[in-house]
Amino acid sequence: MLHVRLQTMPFPGPNEVALYNGTLDCAKKTIAREGIHGLYKGMAAPLCGVAPIFAISFYGFGLGKQLIRTTDDEQLTPLQLFYAGAFSGIFTTFIMAPGERIKCLLQIQQGDAKPKYKGPTDCVKQLYREGGIRNIYKGTCATLLRDIPASGMYFMTYECLKNWMTPEGGKLGIVPTILAGGCAGIANWIVGMPPDVLKSRLQSAPDGTYKRGIRDVFVLLMKEEGPKALYKGCAPVMLRAFPANAACFLGFEVAMNFLNLVVPSL
């Protein structure tokens, strides 16, 4: 939530003070105005989609590897792993894009007395009423621009570190899995952060603000704030990225080991 507010806060004029001075200041002001629950505003939509998104993502990566391999035991190069991971990013967009749109709109509501949206369901209803399904999926191209290269880097980093840390003829331990997964999350956001900033601004802006979509967002951002703005909100994202993705890959490896034990022919 904090990174969306930092990404979308208005650029201060010559005699104006920035709305937030950083991650800690954003957290303090959010808690003071809205309480602890304000830090979790807009999380219902992404939480509902997180399980299918990761399932589809891992499936897409596995399918991508199958399409690239010429033999079952072929060892893929880092570039081939990147392509397979990038392929998986296409699969998740149809769930990710509307969830991100709803999340951004709910999170930029600064504890208003009468917020425009009462919750995810109300947000979907109003968006559909104002512009149909296309309005709900606003920012889909921006989401693809983020998720395709970021997913490629995500899976490539994990697989490369996994192969490097796995002893010959042995299995990957818990600590190396955590390290590989956490580093994969960091790598994902190093690549995905700039398009995520553009996506957040596009999806949270009033209709008609950016007539040419993400191109207008980029031009205005460069003109007013410069390249540094492409990494706005980076601190809270990076603080979350390592533990969240370490847990994700640890859970994935545990689940795969369990399935291989129970259903070895799967």
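Visitor: Is Ser57 buried or exposed?
Guide: In this predicted model, Ser57 is buried, because its relative accessible area is 9%, which falls under the 20% cut-off for a buried residue.

Visitor: And where does Ser57 sit?
Guide: Ser57 has its place in helix α3, which covers residues 44-68.

Visitor: What is Ser57 in contact with, leaving aside its neighbours within four places in sequence?
Guide: With those neighbours set aside, Ser57 is in contact with Ser88, Thr92 and Phe155.

Visitor: Let's switch to helix packing. How do α5 and α7 cross?
Guide: The axes of helix α5 (residues 93-107) and helix α7 (residues 140-165) come within 9 Å and cross at roughly 115°, and the crossing of α5 past α7 is right-handed.

Visitor: Which residues make that contact?
Guide: On the α5 side they are Thr93, Met96, Ala97 and Glu100, while α7 brings Thr140, Thr143, Leu144, Arg146 and Asp147.

Visitor: How many of those are nonpolar, polar or charged?
Guide: The residues in the contact of α5 with α7 divide into three nonpolar, three polar and three charged.

Visitor: New topic: what span does α10 reach?
Guide: Helix α10, residues 234-262, has 29 residues and reaches 41 Å from its first C-alpha to its last, which is close to the 42 Å expected at 1.5 Å a residue.

Visitor: Where does α10 bend?
Guide: The bend, of about 30°, is at Ala241, and a proline, Pro243, follows within four residues.

Visitor: Which residues of α10 are buried?
Guide: Ala241 is one of them, and the others are Cys234, Pro236, Val237, Met238, Asn245, Ala246, Cys248, Phe249 and Glu253.

Note on methods: Residues numbered from 1 in each chain as written. Predicted model: local features only at pLDDT ≥ 70, side-chain atom pairs only at ≥ 80, totals over all residues. Heavy atoms only, no water. Helix = DSSP H or I, 4+ residues; strand = E, 2+ residues; numbered from the N terminus. Expected span 1.5 Å × (residues − 1). Bend = angle between axes of the 7 residues up to and from the residue. Buried < 20%, exposed > 50% of the residue type's maximum accessible area, 1.4 Å probe, protein only. Axes fitted to C-alpha atoms, helices over the stretch in contact; angles between N-to-C directions. Left-handed = near helix turned anticlockwise from the far one by under 90°. Contact = heavy atoms within 4.5 Å. Nonpolar A, V, L, I, M, F, W, Y, C, P; charged D, E, K, R; others polar.
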